[in-house]
Amino acid sequence: MSGKVNDLVIRFANVNGTGSASANNMFSKSIFRMGIPVSPKNIFPSNIQGLPTWYEVRVNEDGYLGRRAGIDVLVGVNPQSFDQDMASVEPGGYFVYDSTKPLYEDAMREDIHYVGIPMMQISMGFFEVARLQQLFKNIIYVGALAALLDIEMDVIKKIIEEQFEKKPKLVPPNFQALEAGYNYAIQNYDCPLNVRVERRDNIGDKILLEGNEATALGAIYAGATVAGWYPITPSTSIVKAFETHVKKLRKDPETGKNNFAIVQAEDELAAMGMVIGATWNGARAFTATSGPGVSLMSEFIGLAYFAEIPVVLVNVQRGGPSTGMPTRTQQPDLISTAYASHGDTKHILLFPSTPKECFEMMADCFDLADRFQTPVIMVSDLDLGMNIHLTDPLDWDDAREYDRGKVYTAEDLDEIKEFGRYLDVDDDGVCYRTIPGTHPTKGSFFTRGTSRDEYARYTESGDVYVRVVNRILKKWETAKQYVPTPELYQESYQSKKGIIFFGTTTYAAIEAMDLFKQDGVSLDAMRIRSLPFNKTVEDFIEKHDEIFIIEQNRDAQFRSIIINELDTNPAKLIKILNFDGMPITAKTIMDLIMKSIKVLSVEF
Amino acid sequence: MTYVRPTFRHPGLPKNKIGYAKSDYEGSISTLCAGCGHDSISGAIVQACYEMSVEPHKLAKISGIGCSSKTPTYFLSNSHGFNSVHGRMPSVTTGANMANRDLIYLGVSGDGDTASIGMGQFVHAVRRNLNMVYIVMNNGCYGLTKGQDSATADFGSRSKPGSVNQFQAIDLVGMALELNATFVARSFSGDKTQLVPMIKAAMSHPGFAFIDVISPCVTFNNNVGSTKSYDYVRDHIEATSELDFVPEKDEIQVEYEEGKSATVPLHDGSVIELRKLSPEWNPTDRYSAVMRLQKAKIKGEILTGLLYIDPESKELHDLMGTTDVPLNTLTEKELCPGNEKLQQINQSFR
């Protein structure tokens, strides 16, 4: 056997609402269980049923998890998109299709292989009900792919058995469909194809997990009790996953009652209001939304910033502006999130790049919000949130204690001489708060979004106002020592040129660095994990002459934030942008960097 | 500015059964216009809490934006207060209530804050039956921005600058009934005899207790509806120096017997017909309440009193099955499932 092993991109072209997601996940999981890294992406329409939807899987034994352009195998089960799908296959690649009805000869390409499997016809031979014919057709193509790509059948069968553990009656028909697809392919084609998979041991203890589910688990482990939310793609699955897991993990053992409260709000404004009310009252609370929701929440975010109330918000970004591309990925809300609300406001942002980091950073968000009594926003995106990723297993240190920040207890209030909600007692900009109901006669104060003095009394004095807002800014400085530090990819700087990236760009950026290295080009690299930027970020920017800022929006918003926050000379920050709604690829990064270099006449 | 009341009090002041004097329920000195109906409502809240022996720190007062929403500064200094953003008091109160079900939540709002910008949040707090007292200080106009009509201004009423309101009024009480609110009442700021027990009843109600309080604006609703009136002429004189002109008026006080209607002259000389519910009224019958309200409307009367109460009311926490202990008292021990559990969860992702 020859050909490409464990290095392929396969895309499934389905009709949404036909049960294909389950079969496609089964496909990915089987390769994962063969010890080979996989990276699946949903490319789905904003629709419930009937429109084209795609599922693209990159299989790569070296562990590169970013998207790669160029489709080696396309599984076409949606006649609506046949033309487009056929055109998307790389020359020499394969078009595996449902041949129950013949393809139009005219439409066929000569530079790709056609593998017809009469999926529906086989399915109709086994199943009478139309819905079942539809569902098992999906399993039939999984079976055919097992033969064509050399996937171990036992692995797939085990997955089926696990999936239907509680409905064992469904196991035999699934096996039947799987084998029928497998046998048809074996009998009619030279199996395996020129691209195939082969067992490896390259997974270690990694898991397959969606960023949103990891985020939800982070909130549970961090002790969030209140969630106020409003449904919006691609953030909805955070609260849904929170609900699923918290119901299992957080029932009072004696009474069976809920140690949590989830309120589906009337809109994003209310969702944020609920979070603010709950944290003001001493609970840990959060909400999740996307760009449009952040726009709606902005007024409240400003209140939380100015009145100094902890808030945890997750922004799972999608293509903007306006309703934009609601089911495509981008990083387009960086400025609107970092500076959300009117007046002088700026917010602590955390940028996870893997589900594992979603879990950890979500937990950190609660500590940071309590510590700094301010909104803390985790900025994720659709690619990270709604796709499963190969990621390190989640881990929780049982010795970890929640950092609830500076909160006076009744005993504290009895001891201190006088209470002023906004007195900078420790000279770090962070003041002591009290929770309603703490003490009968001490510690009450009036929370307000208006200007106020150190004792929370309304004031229109300019001097007092300036003192207060400067003190709030001091928190920003203090926060630099607490937020997650950037990740550097070299022991010491090797080059005068560097790249900066964050979030889901990381996969492609790392791959691009390796590709550059193969060409003898070495670039220093830094992954930024939070705002405010700390000393390491400043140092990296200072020590390099040209820095490529890789991000997924049109206007280079991250670059603007760097310039705004650090007064960096814009000339040395070069925009590397991808914003077509698909996750960025290593090749795009390389091409754009090479093009910039030509334009800038910079030599490596 | 916030004016602080002198702390000295006569040592012999009477105390309630938990040992607090009425002064313990007071707040800072009001900065509202002299004679503002809202101050009377603040007074009624103080009186009700004193009489109810509410522990001040076991009550949270939450408001939106506007004249009415400023009032929580003027009562219950020993309670935590939250002056949030315009029209969003209900959501902040919802979150606060979720965090600690043991406090009393007193939400204060105005007609602009509730019937316009905050309508969405108001109706959803009603339908969730959030356990709170929701008081609307209803004066039919926007005071802080100089007297624009609000959505509760009656059709045909004339504003201070002289325009006639062409739009139908939103009747918050009718709306609350329609939305199946479990406690619906209306009162008048000048009628403390009715208002104080009503607030007490509302605080005792498990669920959403809505009180619409008609509360005249002495400054911007102080005009008669005619271009020939003395007031009309005076308003035009006023136009040259209108900014600081605040008419000093006494608070309107009215008392009348159960079952009788009363005519109350307002500061601006216009007249409100008030009609109390009769003693044989059954406040637990929503249908009759709706009918009675419609009849009063046709007759040009403003119906006051407790219009409807659902004695079977189940508040949001009961509907959701929340634990009896306030969520904000739970610690890592109850909240964090631990690493062993997490490793099992990891296994399900392989």
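This is a predicted model: local features need pLDDT of at least 70, side-chain atom pairs count only at pLDDT 80 or more; totals for chains, interfaces and linings use all residues.
Local features need pLDDT of at least 70 and side-chain atom pairs count only at pLDDT 80 or more, while totals for chains, interfaces and linings use all residues. Residues are numbered from 1 along each chain as its sequence is written, with chains lettered from A in the order in which they are written.

Let's start inside. A nonpolar core here is a set of buried Ala, Val, Leu, Ile, Met, Phe, Trp, Tyr and Cys residues joined through C-beta atoms within 7 Å; buried means 20 or more other C-beta atoms within 10 Å of a residue's own, with C-beta atoms placed from the backbone. The largest core has 256 residues, and A:Val96, A:Ala144, A:Val226 and A:Ile549 touch the most other members. Helix H4 (residues 130-149) of chain A gives the largest share, 12 residues. (Helices are DSSP runs of H or I, at least four residues, and strands are E runs of at least two, numbered from the N terminus.) A second, separate core of 11 residues includes B:Leu32 and B:Cys141.

Now the chain contact. It takes 59 residues from chain A and 51 residues from chain B, where contact means C-beta atoms, placed from the backbone, within 7 Å. H9(A) gives the most to chain A's side, with 9 residues.

| Class (members) | Residues on chain A's side |
|---|---|
| Nonpolar (Ala, Val, Leu, Ile, Met, Phe, Trp, Tyr, Cys, Pro) | 32 residues |
| Polar (the others, Gly among them) | 17 residues |

Conventions
A residue is buried if 20 or more other C-beta atoms lie within 10 Å of its own, exposed if 12 or fewer, and partly exposed in between; C-beta atoms are placed from the backbone. Two residues are in contact if their C-beta atoms, placed from the backbone, lie within 7 Å.
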